[in-house]
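Welcome to my notebook. Here is what I looked up, entry by entry.

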Amino acid sequence: MFSNNLVFAINWIDLTTPLGKSVALDKDSIVELDGNYFYNIKYKNANNAYYTVVTIQSGMVHPFSARIKFYSLNDYENLKGDYDNITLNKTKKLEAVTYDSVVNTCYREVKRLKKATPSITLN
């Protein structure tokens, strides 16, 4: 028997913070809206051995950020990234992040990726 189901895979980019903590960025989740980046990150919660996926909102010109949605890894995968809802909980309450944090590490990678991607300008 053959299956017509499409294989879905989230495109995780593995990163390491300056202090050696592992984190992953879902490259396909990155969205720009209203001067902000929205993206999903995955890391192991310090309190247990399970992965947590968090939607992050960061300013495009500074790393001030907010955690706006939390998922278990299984829920995130079952929702196939939940990309349609990534900006749903956007906020104006962004806070400073520390240099060695998982959020700042992912923010720097988002900025690098967006800089490397050519923009299309419509006239």
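This is a predicted model: local features need pLDDT of at least 70, side-chain atom pairs count only at pLDDT 80 or more; totals for chains, interfaces and linings use all residues.

**Entry 1: a buried aspartate.** D82 has a relative accessibility of 11%, so it counts as buried, the cut-off being under 20%. I found D82 in the loop between α1 (73–78) and α2. I then looked up its backbone: phi of D82 is near 50°, a positive value in a residue other than glycine.

**Entry 2: an exposed aspartate.** Next I turned to D34, which also has a positive phi, about 50°, and is not a glycine. I located D34 in the loop between β3 (31–33) and β4 (36–44). Is D34 buried or exposed? Its relative accessibility is 58%, so D34 counts as exposed.

**Entry 3: an asparagine in a helix.** I moved on to N104, which lies in helix α2 (residues 102–116). With a relative accessible area of 7%, N104 is buried. What does N104 touch, leaving out residues up to four places away in sequence? I noted P63, V97, T98 and Y99. For Y99 I have a distance too: its backbone oxygen lies 3.1 Å from a polar atom of the N104 side chain.

**Entry 4: the whole chain.** Finally I stepped back. I counted two helices and six strands in the protein chain, and along the sequence they follow the pattern β-β-β-β-β-β-α-α. The chain has 123 residues, and 37% of them count as buried.

Methods. Residues are numbered from 1 along each chain as its sequence is written. Side-chain values use heavy atoms; hydrogens and water are left out. Helices (H or I, at least four residues) and strands (E, at least two) are DSSP runs, numbered from the N terminus. Buried means under 20% relative accessible area, exposed over 50%, partly exposed in between (1.4 Å probe, protein chains only). A polar contact is a pair of N or O atoms within 3.5 Å; within protein, one must be able to donate a hydrogen and the other to accept it, and residues adjacent in sequence count only if both atoms are side-chain atoms. Contact means heavy atoms within 4.5 Å.
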